[in-house]
Amino acid sequence: MPKQRNQKNRNNKKNVNIKPGKNFSRILGTKDVTVKDFDNWEIVKNNITDFLHRYGFKQIETPILEKAELFKSSFRNNDPKEFYSFISDKKEKVVLRPELTQGILRAYQEYNLEEEMPHPVRLFSVGPVFRQEKLQNGRYRQFNQVNAEVIGEDKPVSEVLLMVTAYNMFKDLGLNVEVQINSLGDKDCQKEYKNKLTAFYKERGKRSKLCNSCKKLLEKDPLALLDCKEKECMEIRKDAPQIADFLSEDSREHFSKVVEYLDELDIRYNFDPYLVRGLSYYNDTVFEIWPLDEKENAQFRYSLGGGGRYDNLVEKLGNKATPAVGMAIGLERALTKIKEQGLILFPKPYNLIFIAQISEQAKIKSLQIFEELRKEGYNVRHSFATNSLKTQLEEAKELDARLSLIIGKKELNDDTILLRDMDSGVQEIIPQKKIKSDINKKLK
Ligand code: HAM
């Protein structure tokens with residue numbers, strides 16, 4: 001009978017039909033925010049978003065799923081393998097967004113935000129993005145960005161606003177950074193420069209030394225070769241022509257204003273003539289935020305943020321021609337740097353009161369007291385699932401509680417409670433009616 005067989009199987013371990021344990025692990029290129037990291041993660045995220053609010057940006061949330069077409073001309077090598085995509089039931093190619101910019105621009109158009117919001121439209125968004133990239137340290141396939149856009153402003157002050165915001169927000173988090181800047185000029189200068197660059201890379205002996213990806217990209221997008229991190233390609237790049245020599249009068253003037261403002265605002269920056277960025281929609285100013293590693297043991301160097309001007313993208317996405325600038329900050333990288341530099345952000349809780357209980361009945365009473373104090377605005381914590389007083393007091397210490405309130409059978413019967421000063425260890429019995437006034441005295 002099946003019932004009996006089941007019973008037998010349960011009793012005889014050898015017969016139990018369980019497949020060998022499979023340990024599930026994270027998908028390569030993804031990251032958990034563990035319990036240990038969560039507080040700092042939230043602080044970094046909130047600090048950055050708070051900064052953007054203060055600088056006049058409004059928050060917007062767009063879906064993770066977008067039409068693939070929206071990202072058609074964003075990525076340098078535009079390799080569809082880099083996107084996570086699928087065909088929907090509506091026979092549309094859908095992607096897990098590889099960046100937040102296009103979603104924001106789509107929403108800008110869809111909700112006519114140009115009319116709805118003050119000019120220039122300043123929007124920001126926070127959330128996960130997905131890129132099926134080559135795996136490397138500090139490079140994930142799912143990661144989180146805080147992304148800000150200024151839409152409708154062609155003056156250099158708008159890209160400076162973004163650089164200053166990023167620079168100061170990292171400073172505020174305790175990280176020293178430097179802004180790498182360059183100008184990619186307008187469409188015409190880029191055209192001339194690209195021809196020069198192609199000719200340079202085609203010179204005898206250079207092409208054969210390029211990595212396979214650069215060889216393929218040479219005809220399609222020579223600027224992409226400047227972004228390559230392969231040793232040999234970087235070596236060749238040292239002699240490559242620089243776009244600074246091809247800038248039009250307007251682009252030159254625009255860029256010199258950017259530099260002038262950065263000087264005036266005391267922002268630490270470095271001119272990198274080969275900075276082109278991994279995305280293909282930029283013109284004129286491009287920038288990246290790099291950490292200045294004071295500590296020798298800093299393991300990895302990578303940009304914490306990046307962005308630039310993109311005066312043609314809004315139009316390419318079907319809207320009227322609108323100048324714009326934007327940037328994004330990688331939250332995982334920011335947090336890694338903060339940890340690497342030993343910066344602890346999680347503030348010690350202020351005037352925390354821990355409520356401990358001994359016995360089942362005391363749990364109910366302490367829950368009532370907890371709720372009363374919480375409603376009154378006291379910073380209270382508890383550990384109701386724990387029975388041992390020792391463990392509860394250890395937790396109170398770990399939380400850096402100022403006071404503990406302990407309630408057991410005796411206190412329940414007497415309508416009293418034990419008030420323990422966590423610094424001195426001194427305990428006193430107080431009537432339950434006087435809890436608030438006695439706490440207030442202690443916390444003064
Ligand atoms: P992005 O340079 O591709 O720019 O990314 C911005 C930041 O996201 C990087 O500086 C880095 O901190 C982080 N990041 C990028 N890729 C990865 C990765 N694979 N793993 C971990 N972190 C990463 C953009 O995304 C543009 N949408 C910025 C922008 C907005 N331009 C104009 N508007």
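These legends walk through several views of one predicted protein model. Residues are counted from 1 along each chain as its sequence is written, and side-chain values rest on heavy atoms, without hydrogens or water. As the model is predicted, local features need pLDDT of at least 70 and side-chain atom pairs count only at pLDDT 80 or more, while totals for chains, interfaces and linings use all residues.

View 1. Helices (H or I, at least four residues) and strands (E, at least two) are DSSP runs, numbered from the N terminus. The C-alpha atoms fill a box of roughly 90 × 75 × 50 Å along the principal axes. The radius of gyration of the protein chain is 29 Å, whereas a compact globule of 444 residues would have one near 22 Å; the radius is taken over C-alpha atoms, and the globule rule is 2.2 Å times the number of residues to the power 0.38. Of the 444 residues, 47% count as buried. Here buried means under 20% relative accessible area, exposed over 50%, and partly exposed in between (1.4 Å probe, protein chains only). Contacts are heavy atoms within 4.5 Å, and among those between residues at least 6 apart in sequence, 70% join residues at least 24 apart.

**View 2. An open sheet of eight strands with mixed pairing.** Follow the order β1-β5-β6-β11-β10-β9-β7-β8 across the sheet. The edge strands are β1 (58-59) and β8 (269-271), each of which pairs on one side only. Two strands count as paired if DSSP finds at least two bridges between them. Strands of a sheet pair through backbone hydrogen bonds, either parallel or antiparallel.

**View 3. Strand β10 between its two partners, β9 and β11.** Strand β10 (residues 305-309) is mostly covered, with five of its five residues buried. It runs antiparallel to β9 (residues 283-291), and five bridges join the two. Look for Ile289 opposite Gly305 of β10. Five bridges also link β10 to β11 (residues 324-330), again antiparallel. In that pair, Gly308 has Gly326 of β11 as its bridge partner.

**View 4. Asn144 and the pairing of β6 with β11.** Asn144 sits in strand β6 (residues 142-151), and it counts as buried because its relative accessibility is 17%. Leaving aside residues up to four places away in sequence, Asn144 touches Trp41, Gly127, Pro128, Ile329, Gly330, Leu331 and Glu332. Strands β6 and β11 pair in the antiparallel sense over seven bridges. Gln145 stands opposite Gly330 in β11.

View 5. At 1% relative accessibility, Leu184 is buried. Which residues does Leu184 touch, not counting residues up to four places away in sequence? They are Gln190, Ile243, Leu247, Leu275, Val276, Tyr282, Asn283, Asp284 and Val286. Thr285 is 101 residues from Leu184 in sequence, yet the two are 6.4 Å apart in space, C-alpha to C-alpha.

**View 6. Strand β14, covered on both faces.** Five of the five residues of β14 are buried, so the strand is largely enclosed by the rest of the structure. In a regular strand the side chains alternate between the two faces of the sheet. On one side of β14 are Leu403, Leu405 and Ile407, and on the other Ser404 and Ile406, all buried. Strand β12 (residues 353-357) pairs with β14 in the parallel sense over five bridges, and Ile353 has Leu403 as its bridge partner. With β15 (residues 416-421), β14 pairs in the antiparallel sense over four bridges. There, Ser404 stands opposite Arg420.

**View 7. Backbone angles at Pro120, Asp284 and Asp400.** Most residues other than glycine have a negative phi, and most peptide bonds are trans. The bond from His119 to Pro120 is cis, with omega near -10°. Pro120 is in the loop between α4 (113-116) and β5 (121-130). Asp284, in strand β9, has a positive phi of about 50°. Is Asp284 buried or exposed? Asp284 counts as buried, at 8% relative accessibility. Asp400 has a positive phi too, near 65°, and lies in the loop between α14 (389-398) and β14 (403-407). At 37% relative accessibility, Asp400 is partly exposed.
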